[in-house]
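I opened my notebook to look up a few features of this structure. Here is what I wrote down, entry by entry.

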Amino acid sequence: MAKKLTPRSQDFSQWYNQLIQEADLAEHSPVKGCMVIKPYGYAIWEQMQSTLDKMFKETGHVNAYFPLFIPKSFLSKEAQHVEGFAKECAVVTHYRLKNSPDNKGVVIDPEAKLEEELIIRPTSETIIWSTYKNWVQSYRDLPLLINQWANVVRWEMRTRIFLRTAEFLWQEGHTAHATQEEAIQETLKMLDVYFTFAEQYMALPVIKGVKTQNERFAGAVETYCIEAIMQDGKALQAGTSHFLGQNFPKAFDVKFLTKENKWEYAWATSWGVSTRLVGALIMAHSDDEGLILPPQLAPYQVVIIPIHKSEQEYQKVTQQCEAIAQELKKVNIRYKIDARKEHTPGWKYAEYELKGVPLRIAIGPRDVENNTIEIARRDTKTKQVISTDNLIHIIQNLLQDVQDSIYQKALHFRNSMTTRVDNFKDFESVLNDKGGFIEAHWDGTTETELKIKELTKATIRCIPLDSPQEEGRCVYSGKKSTQRVLFALNY
RNA sequence: CGGGAUGUGGCGCAGCCCGGUAGCGCACUUGCUUGGGGUGCAAGAGGUCGUGGGUUCAAAUCCCGCCAUCCCGACCA
């Protein structure tokens with residue numbers, strides 16, 4: 001092996017950065033915090049997109065597109081919201097450039113100053129609710145179930161490729177409902193969609209929970225989330241779903257007439273996941289040899305590599321590769337044949353391991369004669385020679401097996417990295433020595449939460465939805481508590 | 001946005017302390033060779049030394065500003 005990644009155990013973030021570079025996922029752009037998503041990285045995002053998009057549509061949502069630019073004044077209509085985002089907004093002030101007087105470039109044309117500055121959306125609640133105002137008049141117009149795929153900009157001080165970039169891609173759902181109950185149901189329904197997507201497609205075990213007041217989305221009444229643990233023991237928020245109450249409808253005056261002919265404000269939700277999920281996928285499953293992708297999201301589920309010496313062998317072997325590919329195609333398995341002559345098979349093995357392709361098929365002259373193939377799993381690095389009889393069935397099973405076993409592996413890891421703690425000394429030592437999720441009692445106050453954060457850098461990732469009621473004492477203050485919450489260091 | 005480190009061909013690095021006109025490995029091109037775990041040999045091509053100033057006869061090298069990346073902190077998906 002010529003190329004070696006820095007081992008995870010030695011330097012996790014260096015491993016992460018190198019993996020992204022070597023697997024050809026993304027690279028930095030000249031602007032701080034921005035990334036170029038390269039074709040292979042984007043292909044993973046496209047898999048996520050198409051899966052989620054289908055799930056959104058199955059739950060009754062439709063796509064639309066709202067503009068990138070938001071009038072500055074819109075942002076300030078919801079008090080909490082502006083406070084949350086003001087510090088990280090990019091602002092457009094002019095609409096024209098001109099040649100500089102010394103002819104050495106371009107300068108902003110001072111004549112072309114905008115009357116009202118435009119914010120580049122950090123999220124679209126304001127522009128969307130200002131639009132919904134015109135769309136909602138009667139209870140018959142509700143619910144409004146709209147999603148958009150878009151880019152947003154948040155001017156981050158400290159960036160990390162995929163996990164926190166200044167510009168990122170995401171989807172944001174924005175729904176309007178006639179009743180509070182329906183909006184809450186929608187919020188939870190979409191949380192479930194994210195949960196299913198994470199668990200079944202990303203093979204990523206996640207905890208459903210609700211955010212504390214302190215961690216809540218600016219402008220939300222309640223923020224729900226799914227939280228995952230990464231291989232270095234840090235938590236990552238993988239998706240959020242907000243019940244927005246009537247905050248935005250009131251700020252933007254979105255009212256409707258009920259059956260009883262009375263005016264009421266609509267009830268709102270919003271929910272989103274972003275390209276951050278690509279980072280989550282990398283950090284959850286991959287190893288020191290490279291990426292490990294769950295078959296459900298891998299751009300190629302199977303790579304086929306012909307092995308040959310003479311031209312005659314090449315013809316024979318690639319013909320067999322093509323025949324098998326046709327079978328894969330029939331059952332919608334995503335595949336790639338790499339018949340390039342400029343690289344040896346060994347080189348290609350290493351390459352596709354780096355890129356995390358779940359299954360690798362190698363076919364050589366001996367295989368053609370014997371009607372066999374060699375098939376190797378990326379996750380376990382095991383390989384076997386099997387007959388081409390019943391091949392598709394075996395591959396389908398293997399793909400399912402890889403999907404299941406990387407999920408199980410991640411689940412075992414999370415379980416082993418979840419520690420129940422009942423005093424602050426243990427809290428600190430577990431956090432320092434081991435990391436991961438800490439289940440502990442908390443007295444419910446922001447004051448205690450902030451104090452713990454100040455002392456340990458750990459935050460409350462969520463109050464798990466399925467966490468049982470249990471009498472206890474706050475791990476920090478010793479005050480009474482009825483439920484454990486999840487603490488962790490986080491991305 | 002504060003503290004620290006770094007920036008030399010696509011990638012990884014040496015050269016900088018002690019100024020004299022840029023080198024190594026991988027990758028790339030061509031040819032032969034090899035091909036079931038990153039083949040081997042030979043010949044080639046490729047660099048505004050992040051960027052803008054300054055010092056100097058002369059700057060990758062010394063000084064200052066800026067930009068970006070990485071790590072730490074404050075902030076945040």
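**Entry: Lys-451 and its partner**

I started with Lys-451, which is partly exposed, with a relative accessible area of 30%. The model is a predicted one, so I kept in mind that side-chain atom pairs count only at pLDDT 80 or more. Lys-451 forms a salt bridge with Glu-454, and the closest N and O atoms are 3.8 Å apart. Where do Glu-454 and Lys-451 lie? Both are in helix α14 (residues 446-456), three residues apart, about one turn of the helix. Glu-454 is exposed, because its relative accessible area of 60% is over the 50% cut-off.

How many salt bridges does the count come to? I noted 31.

One of them pairs Arg-461 with Glu-215, the closest N and O atoms being 3.6 Å apart. This pair links distant parts of the chain, as the two residues are 246 residues apart. I found Arg-461 in strand β24 (residues 459-464), and Glu-215 in the loop between β11 (207-210) and β12 (222-229). Is Arg-461 buried or exposed? Arg-461 is buried, with a relative accessible area of 3%. Glu-215 has 24% relative accessibility and counts as partly exposed.

Next I looked at Arg-377, which forms a salt bridge with Asp-379. Here the closest N and O atoms are 2.7 Å apart. Arg-377 counts as buried at 13% relative accessibility, and Asp-379 counts as buried at 14%. Both labels follow because buried means under 20%.

**Entry: helices α2 and α6**

I turned to helix α2 (residues 39-58) and helix α6 (residues 180-201). Their axes come within 11 Å and cross at roughly 140°.

Which residues make the contact? From α2 they are Met-48, Thr-51, Leu-52, Met-55 and Phe-56. From α6 they are Met-190, Val-193, Tyr-194, Thr-196, Phe-197 and Tyr-201. Sorted by class, the contact has nine nonpolar, two polar and no charged residues.

Last, I looked at the backbone. Most residues other than glycine have a negative phi, and most peptide bonds are trans. I noted some exceptions.

The peptide bond from Leu-142 to Pro-143 is cis, with omega near 0°. Pro-143 lies in the loop between α5 (125-135) and β9 (144-153).

Ala-203 is not a glycine, yet its phi is positive, about 55°. I found Ala-203 in the loop between α6 and β11. Is Ala-203 buried or exposed? At 0% relative accessibility, Ala-203 counts as buried.

Asn-332 also has a positive phi, near 60°. Asn-332 is in the loop between α9 (311-330) and β18 (335-337). With a relative accessible area of 66%, Asn-332 is exposed, whereas Ala-203 is buried.

Terms used: Residues are numbered from 1 along each chain as its sequence is written. Chains are lettered from A and ligands numbered from 1 in the order in which they are written. This is a predicted model: local features need pLDDT of at least 70, side-chain atom pairs count only at pLDDT 80 or more; totals for chains, interfaces and linings use all residues. Side-chain values use heavy atoms; hydrogens and water are left out. A salt bridge is a side-chain nitrogen of Lys or Arg within 4 Å of a carboxyl oxygen of Asp or Glu. Helices (H or I, at least four residues) and strands (E, at least two) are DSSP runs, numbered from the N terminus. Buried means under 20% relative accessible area, exposed over 50%, partly exposed in between (1.4 Å probe, protein chains only). Axes are lines fitted to C-alpha atoms, for helices over the stretch in contact, and angles run from 0 to 180 degrees between N-to-C directions. Contact means heavy atoms within 4.5 Å. Ala, Val, Leu, Ile, Met, Phe, Trp, Tyr, Cys and Pro count as nonpolar, Asp, Glu, Lys and Arg as charged, and the others, Gly among them, as polar.
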